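Hi,

Here is the structure I promised to send over. Have a look at it first, and then read my notes below.

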Amino acid sequence: MTIHFDGAGGREYGHLALHTDKYQINMMYAHWKNGTHNRKAVFEAYFRKLPFGNGYAVFAGLERIVDYIRSLRFHEHELAFLRDQEERYDEGFIEELRSFRFTGDIFAVSEGTLIFPNEPLVRVEGRVFEAQLVETALLNFMNYQTLIATKAARIRRAAERDVLLEFGTRRAQEAEAAVWGARASYIAGFDATSNMRAAMLFGIPAKGTHAHAWVQAHDSEQEAFDRYAEALPDDVTLLVDTYDTLVSGVPHAIATAHKLAAMGKRMSAIRLDSGDLAYLSKEARRQLDDAGFGDVRIVASNDLDESIIAELKLQGARIDTWGVGTQLITASDQPALGGVYKLVAREAVQGEELVPVIKLSGNPEKVSTPGRKDVYRLVNRRTGRAEADYMAFGWENDVKRGERIRLFDPMQTYRQRFMTDYDAVPLLQPIIVGGELVAELPSLAAIRAEHRRQLEMFPTEVLRKVNPQPYPVVLSDAVWEQKRQLIEQYGPQQH
């Protein structure tokens, strides 16, 4: 087996044409064999259920998706691998793949946007041959990064205005998960990462202290602290729990702080990584204050998550900075988002009008919503608050003009109201058209700022951690009627 390592795939991420499931290749082949591979298709990516019992999710992963789409092509070693598959694909198919480029359109929500179940986050339009291939990778990137951004948003709300550090690399499932997880965390409000590669690639501030091994590598804790401070006098954070936090660790750190002060320097912080963090932080704060170091911050780590942080704050913990690793980067309490990619419209005959398609299920929440749809965020003009997300066909102009529209719950249609005096903000924007990038992707700092701005548009009842109020995602009357008709057409036939 030969593994190819080079950066030709774009931004050092490698060749990803076969970062897909085999059934995608088989469906592409079947379309090619049947002469239907050039027919147009529309797919929508979305998720059905919010993770962590949260009231919202945070969209992330678009930059990774765009890089993948723009660099997508089959290289010779990948084509050789396909020739060896048990399906024995025709050589003509291999030749078709050799010239493969994505030539379709992609519309997507902006990264950092607050998002909700069952609304399209990414819409892919193009030849079914192309649109089918990208499903697996697109979902992989969207699902993971959106999940981590959502987890990070929960932790940010629990930590309030405290500093948050992403410490997850060594517990992430793999190198790319660590890097892109750090980026997703930064979008949702983390302040820095320990991952140097993520810091280099994305411009995220890098932060780090030292390990217990540094202390163990010296004859005494005091020697370890002093030598570390001598080496890095302008950024000294000392890990104080290698032996006994309050009896030796904090007193030795204070001694080092005095030596730094004599040099005209100041110690930045101490770090607690074990034990009763509430008690230890309060006692450490007292010792530091009594020694005249009230400006030295206290950093805490040790398997933290939003629930533990919230509880520690309720207990009066004197912690200024939180280092969060495993629970964040693995989203340990819900390690998958469950996003899906569904065909919603297709050319039944090449060159003719797209027809809507539906997927039925014995589970009502799994029934897809047919047709090529746009999504609008309805913002009350008087309050500036988002009140609902509204799915409509592109030809529906009433919502674009701000006219009176009906809002009803698709699962409980008797619950309805009417809305006027609103701005309809389109969420899906053109990113790639005809295979070419047409949107300037914003900087990470701009994405992060937009996320903060969006949080201010939603009521705290939707944002709260426990028992959040559901945010309405509604269908236009036309979308609902088409869905109802197709359910009736393809549902169980009465005899």
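Helices (H or I, at least four residues) and strands (E, at least two) are DSSP runs, numbered from the N terminus. With that in hand, strand β3 (residues 105-108) pairs with strand β5 (residues 122-127) in the antiparallel sense, over four bridges. Within that pair, F107 sits opposite R123 of β5. β3 is also joined to strand β19 (residues 429-433) by three bridges, and these two run antiparallel. There, A108 has Q429 of β19 as its bridge partner.

A word on where this comes from: it is a predicted model, in which local features need pLDDT of at least 70 and side-chain atom pairs count only at pLDDT 80 or more, while totals for chains, interfaces and linings use all residues. Residues are numbered from 1 along each chain as its sequence is written, and side-chain values use heavy atoms, with hydrogens and water left out.

The overall picture

The protein chain has 17 helices and 21 strands. Its C-alpha trace spans about 85 × 60 × 45 Å along the principal axes. Of the 495 residues, 53% are buried, where buried means under 20% relative accessible area, exposed over 50%, and partly exposed in between (1.4 Å probe, protein chains only). Taking contacts (heavy atoms within 4.5 Å) with a separation of 6 or more, 73% are between residues 24 or more positions apart.

The parallel sheet

Six strands make an open sheet with parallel pairing, in the order β7-β6-β11-β10-β9-β8. β7 (192-193) and β8 (237-239) are the edge strands with a single partner each, so one side of each has no neighbour in the sheet. Further in, strand β6 (residues 163-166) and strand β11 (residues 321-324) run parallel and are joined by four bridges; E166 has V324 of β11 as its bridge partner. Helix α12 (residues 277-290) lies across β9 (269-272) and β10, at about 160° to β10. Angles here run from 0 to 180 degrees between N-to-C directions, and axes are lines fitted to C-alpha atoms, for helices over the stretch in contact.

Have a look at R297 while you are there, in strand β10 (residues 297-300). Leaving out neighbours within four places in sequence, R297 contacts S268, A269, I270, R285, D320 and T321.

Two helix notes

Helix α1 (residues 22-34) packs on helix α4 (residues 91-98) at an angle of about 110°, and their axes are 11 Å apart. α1 and α4 are therefore roughly perpendicular; the cut-offs are under 35 degrees for roughly parallel, over 145 for roughly antiparallel, 65 to 115 for roughly perpendicular, and oblique for the rest. The contact involves I25, M28, Y29 and W32 from α1, and G92, F93, E96 and L97 from α4.

Then there is helix α2 (residues 62-70): eight of its nine residues are buried, so α2 is largely enclosed by the rest of the structure.

Cheers

Terms used
Pairing = 2+ DSSP bridges.
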